[in-house]
Amino acid sequence: MKNLIGLIGGTGYASTVEYYTLINEKVNARLGGFEYARCLVYSLNYSDINKLNEKDDLDSIYLLVLDAARTLQAAGAGCIVLCANTLHLFADQLEKDLPLPLIHIADATALRIREDGFTKVGLLGTKRTMLSDFYHSRLKRYGIEAIVPNEDDRDFIEKTIRQEMVKGIIKEENTPRFLMIMDELQHNGARGIILGCTEIPLLVKQEHTSVKLYDTTEIHADAIVNFFVGRL
């Protein structure tokens with residue numbers, strides 16, 4: 001079914017719940033009545049991902065993601081969505097290995113930033129997202145430079161994501177530190193801040209700061225719904 005959305009989640013489960021909620025709310029807002037999204041969710045066991053991460057075995061993680069995508073394809077999904085920024089490390093290869101469209105979170109985010117006329121933004125996320133080329137190169141296609149926090153701040157963000165957020169633990173006492181990090185990025189020239197981990201928007205909201213925040217979960221959900229509605 002061409003308008004059946006295939007969601008790969010579980011990294012972590014809290015943001016996957018947010019994806020499911022946002023997609024259905026946005027479809028209903030567009031279509032009204034009792035209309036909601038047709039979707040399938042393949043939720044990975046984060047423990048499997050974490051064990052492989054500790055060994056830096058990216059090839060094995062990719063095989064888990066590919067198996068999930070092929071399972072969704074076999075079940076009738078008409079597109080694939082990776083419900084995490086860091087999983088997009090595998091997006092280019094997945095697009096080559098799978099004959100389904102993949103709705104890329106960085107493309108959707110870059111388009112939103114470009115609409116605002118910004119060319120330099122801050123990027124928060126896991127260390128892999130902040131430091132690897134897969135996210136930066138995608139943004140560069142749209143003429144956007146992303147800058148990242150210093151090493152101590154990157155360590156803090158990574159620890160908060162890995163030890164708390166992916167478990168669904170959101171501690172409001174961490175919000176001030178995140179705001180300080182964003183202020184520093186703004187001081188270094190960032191016009192906006194990409195919340196490049198789908199758990200971060202559960203902790204940091206636009207109401208907390210005057211700098212423009214790009215909630216990648218929300219932006220990605222909008223792109224998914226545009227795709228879904230366009231195929232009805």
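The residues that line the second largest cavity of this predicted model divide into 2 nonpolar, 3 polar and 2 charged. They are H88, A91, D92, H104, F134, S137 and R138. Two helices, α4 (91-97) and α7 (133-140), each supply at least two residues of this lining. The largest share comes from α7, with 3 residues. The volume of the second largest cavity is about 40 Å³.

How many cavities of 30 Å³ or more are there? The count comes to 2. Rolling a probe the size of a water molecule over the atoms shows where empty space is left. The largest cavity has a volume of about 210 Å³. It is lined by 21 residues, and the closest to its centre are T11, N53, T86, L87 and R162. The lining of the largest cavity is made up of 11 nonpolar, 7 polar and 3 charged residues. Helices α2 (46-54), α3 (58-74) and α8 (151-163) each supply at least two residues of it, and α2 gives the largest share, 3 residues.

T11, one of the residues closest to the centre of the largest cavity, is joined to G12 by a cis peptide bond, with omega near 5 degrees. G12 lies in the loop between β1 (5-9) and α1 (13-31). The other point is D56, which is not a glycine but has a positive phi of about 55 degrees. D56 is found in the loop that runs between α2 and α3, and both of these helices supply at least two residues to the lining of the largest cavity.

Next comes the sheet. It is open, has 4 strands in the order β5-β4-β6-β7, and its pairing is parallel. β5 (145-147) and β7 (212-215) stand at the edges with a single partner strand each, so one side of each is left without a neighbour in the sheet. On average, and with direction ignored, neighbouring strands of this sheet are turned by 35 degrees against each other.

Strands of a sheet pair through backbone hydrogen bonds, either parallel or antiparallel. Strand β6 (residues 192-195) shows the pairing on both of its sides in the strand order. With β4 the strand β6 runs parallel, joined by 4 bridges, and there G122 has I193 of β6 as its bridge partner. With β7 the pairing of β6 is again in the parallel sense, over 4 bridges. I194 has Y214 of β7 as its bridge partner, and L195 stands opposite D215 in β7.

Which way do the residues of β6 point, and are they buried or exposed? G192 and I194 point one way from β6, whereas I193 and L195 point the other way, and all are buried. In a regular strand the side chains alternate between the two faces of the sheet.

Helix α9 (residues 175-187) lies across β4 (120-124), β5, β6 and β7, and runs at about 155 degrees to β4. Helix α10 (residues 216-230) lies across β6 and β7, and its angle to β7 is about 55 degrees.

Methods. Residues are numbered from 1 along each chain as its sequence is written. This is a predicted model: local features need pLDDT of at least 70, side-chain atom pairs count only at pLDDT 80 or more; totals for chains, interfaces and linings use all residues. Side-chain values use heavy atoms; hydrogens and water are left out. On a 1 Å grid over the protein atoms alone, a cavity is a set of points where a 1.4 Å probe fits but cannot get out, and a pocket is an open set with protein on both sides within 12 Å along at least five of seven lines; lining residues have an atom within 4 Å of a point. Grid points are joined across faces, edges and corners, and a volume is the space filled by probe spheres set on the points. Ala, Val, Leu, Ile, Met, Phe, Trp, Tyr, Cys and Pro count as nonpolar, Asp, Glu, Lys and Arg as charged, and the others, Gly among them, as polar. Two strands pair if DSSP finds at least two bridges between them. Axes are lines fitted to C-alpha atoms, for helices over the stretch in contact, and angles run from 0 to 180 degrees between N-to-C directions. Contact means heavy atoms within 4.5 Å. Buried means under 20% relative accessible area, exposed over 50%, partly exposed in between (1.4 Å probe, protein chains only).
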